[in-house]
Amino acid sequence: MAVYKTFQPQDALAYAVAHTSLFEGLDPTTLSCSEIGDGNLNLVFKVSHPGGASAIVKQALPYARCVGESWPLTLDRARIEAEAMLIESELCPALVPTIYHYDAGMAVTIMEDLSDHVILRQAMVAGEHFPRLIDDMARFLADTLFFTSDLYLDQQQKKARVAQFINPELCKITEDLFFLDPYCDHERNNVYPGFETRAAALWHNEALKGEVAELKFRFLTEAQALLHGDVHAGSIFVRQDSTKVIDAEFAYYGPMGFDIGSFIGNMLLNFCGQWGLMAAEEQRNAYRSGLLESIDQLWSGFAERFSEHLSQSTRDPSLNTLRWQSRLLRAIWQDTLGYAGCELIRRTVGLAHVKDLDSITDEQRRLQAAEQALILGEALVLQRHELDNMADVLAMLVDKVRY
Ligand code: SR1
Ligand code: MG
């Protein structure tokens, strides 16, 4: 196994040349490489040739990039990411970038360059719409969650997969950032000036903390399916005709609703953020209505496809009962709402913010959008057992948020 060394651009370039056939026959001096990563954890290099050949070289750092060396982090996340993406690409080949090479020792993955796509978060902040996104994400979620679970895999194979994806350090980040920090006066929290009292109200909301404890316990203990583990709008690349899910380093076996809820939470963060992002009221209302329709379509698309898998592909006869399967879908629904709520809350007052709120320039509007995110987050966590369907959720949402 190769010995780890943190790459400089020239190292990433030489590595891509040596480990893929993409640049074969090209003069290496005509290739260029730059570091383009703006995520929280890793280095991301783009290697390209003026003639069009290109690749992304992603390398894990032995610490969290957004914090620095004071937050050490396992390099094993690069192996987990590559192996999870390989499974995802077997299940949904069109929805994941092609992996050309990975090396656990160097903590490096070389993958398809998606420069002809844009990061969903940036596009949604700009109020853009992508016609394929929702159907693609419903498919990605239904297929990856069903076909990596006990509903489909042989029980020996499933247990081997759980072991393969034991991911304690990355899970710890989620356990802390989602379920701990926002509910206490944690030094990692990042609270907008003027929002301190509102954030502090979370620390004393015992009903909310009780429900978050339940969601955390399920995150800790429910090894239902191989999760992507970080399905936020920065982990998705989009084009009008294409969707690609990237960044699976948080993958582990957990509750299915966590992935679905993370995605819905990010759509709702954009819904809240548009309060301060899109100035024209009529345009904003139309865009926000479109987002709510998309959330409805996402859940119904997921539930329809997942139910088809349940009825056609459940392999274990003892799990093949309609009575239990409808209970399972209900539990996934309730988890989905709860984890969506947690995502809204942690992105508003926790360490890792989102541009949907942070880039609002009018301070008053930013605080109002943050307030909307907390109101929705709290309601989703607290009411997830009473909200029977998406119509109930949307009615609650319109009722709670200035709209
Ligand atoms: C220190 S990592 C902060 C956040 O970035 C990742 O993408 C995850 O969402 C994590 O919670
Ligand atoms: Mg990421």
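Good morning. Let me begin with a definition: a residue is near a molecule if one of its heavy atoms lies within 4 Å of it. The structure before you is a predicted model, and I shall describe the protein as a whole before turning to its ligand.

The protein holds 14 helices and 12 strands. Its radius of gyration is 21 Å, close to the 22 Å that the globule rule gives for 403 residues, so the protein is as compact as a globular protein of that length. Along the principal axes, its C-alpha atoms fill a box of roughly 60 × 55 × 40 Å.

I now come to ligand 1. Where does ligand 1 sit? Its place is in the largest pocket. The residues surrounding ligand 1 are N40, L41, C66, W71, L177, D230, H232, F250, R346, R347 and A352.

Which side chains bring an N or O atom to an oxygen atom of ligand 1? In D230, such a side-chain atom is 2.6 Å from a ligand oxygen. For R346, the corresponding distance is 2.7 Å, and for R347 it is 3.2 Å. As for its surface, ligand 1 taken alone exposes 320 Å², of which the protein buries 95%.

Thank you for your attention.

Methods. Residues numbered from 1 in each chain as written. Chains lettered and ligands numbered in written order. Predicted model: local features only at pLDDT ≥ 70, side-chain atom pairs only at ≥ 80, totals over all residues. Heavy atoms only, no water. Polar contact = N/O pair within 3.5 Å; in protein donor to acceptor, adjacent residues only side chain to side chain. Areas by Shrake-Rupley, 256 points an atom, 1.4 Å probe, with all protein chains shown as cover. 1 Å grid on protein atoms, 1.4 Å probe; cavity = no way out; pocket = protein on both sides within 12 Å on 5 of 7 lines; lining within 4 Å. Sits in = over half its atoms within 2 Å of the grid points. Helix = DSSP H or I, 4+ residues; strand = E, 2+ residues; numbered from the N terminus. Rg over C-alpha atoms; globule rule 2.2 N^0.38 Å.
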